[in-house]
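Please follow this explanation with the structure in view.

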Amino acid sequence: MSVEWMAKARAFNALTKPRLSALSVITGMVGYAVAPSGFEWKTCIGLALGMSLAAGSAAALNQWMEHKRDALMERTCHRPIPSGEIGAGTALLFGLGIGVVGLLILQWLTNTLAMTLTLATLVSYLAVYTPSKSITPWCTAIGTIPGALPPMIGWAASEGTLAVAAWLLFGLMVAWQIPHFMAIAWTYREDYAKASLPMISVVDGTGRSAAVQSTVFTVLLIFSALGFVWFDVATWVFGAASLLLGFWMLWLCLQFLLRTERSLWAKRLFFFTLIYLPIAFGLLVIDVNFL
């Protein structure tokens, strides 16, 4: 393969935001693993492949919609479209193409409910969340909806229906996203201001609103995790571990709220959110399947 083709392949890969897309797929697989029906190769492969393509589609179409604004921000100006590596029209066709293929695979190898929830994720992310970013500081809260649907997709792929556990997964993901993204919003507040994005960290330059939201939703995160024990989805082994993780995150949120070095504590909170999710979901899968 020539150097040019390799560079183009890397650009298309970057267009799918592989790390963010991987998060969607992994949380989707958690929903599948927690569901009681058990493992089935065809469904598992179809879920992983279909969600991967759908997540890549969402990322590519999002970058197509925002490429002019991305060019204004240091953290996004090197993305494939504003950097000129991929044309806007090509990115649009690529995003639409892999999205359609992903939905067809989900319909073929899983079921209609999983495909429909995936379509709802794409529509809410692209038609609701993305435009809201230039309109309201509540865009982050709006964005938690498509961000929380992947575990439900995994559950639906296994069961063909939704149950309490699927909604608990949804609630945990909603609550986790606010402290995660508020920490990002505060860290990159100057970039958002340059692009005229009314993020909460731009509207309230003190950082207090971002910290308060992080704290409130971390409390909700603690209760969401305990819901798995309350509804007999998991045992108190998971419950105790989730309390430890939740109170640790709450402590970081309080430092973000009360300390003067907000940027330092925002970064620490951000890195802990990256640790929280794989540990909590990993423990949940082990608890549900082996305890």
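Glu 66 is buried, with a relative accessible area of 4%; buried means under 20% relative accessible area with a 1.4 Å probe, counting protein chains only. The model is predicted, so local features need pLDDT of at least 70 and side-chain atom pairs count only at pLDDT 80 or more, while totals for chains, interfaces and linings use all residues. Residues are numbered from 1 along each chain as its sequence is written, and side-chain values use heavy atoms, leaving out hydrogens and water.

The side chain of Glu 66 meets that of Lys 133 in a salt bridge (3.1 Å, N to O), that is, a side-chain nitrogen of Lys or Arg within 4 Å of a carboxyl oxygen of Asp or Glu. Because Glu 66 lies in helix H3 and Lys 133 in the loop between helix H5 (112-132) and helix H6 (139-159), the pair ties together parts that are 67 residues apart in sequence. Helices here are DSSP runs (H or I, at least four residues), numbered from the N terminus. Lys 133 is also buried, at 13%.

Glu 66 forms a salt bridge with Arg 69 too (3.1 Å, N to O). These two residues are 3 apart in helix H3, or about one helical turn. Shared partners join Glu 66, Arg 69 and Lys 133 into one network. Another salt bridge links Asp 70 and Arg 79 (3.2 Å, N to O), and Asp 70 is buried, with a relative accessible area of 2%. By this rule the count is 3 salt bridges.

Where does Leu 291 lie? Leu 291 is in the segment after helix H12 (262-290). Leu 291 is exposed, at 57% relative accessible area, where exposed means over 50%.
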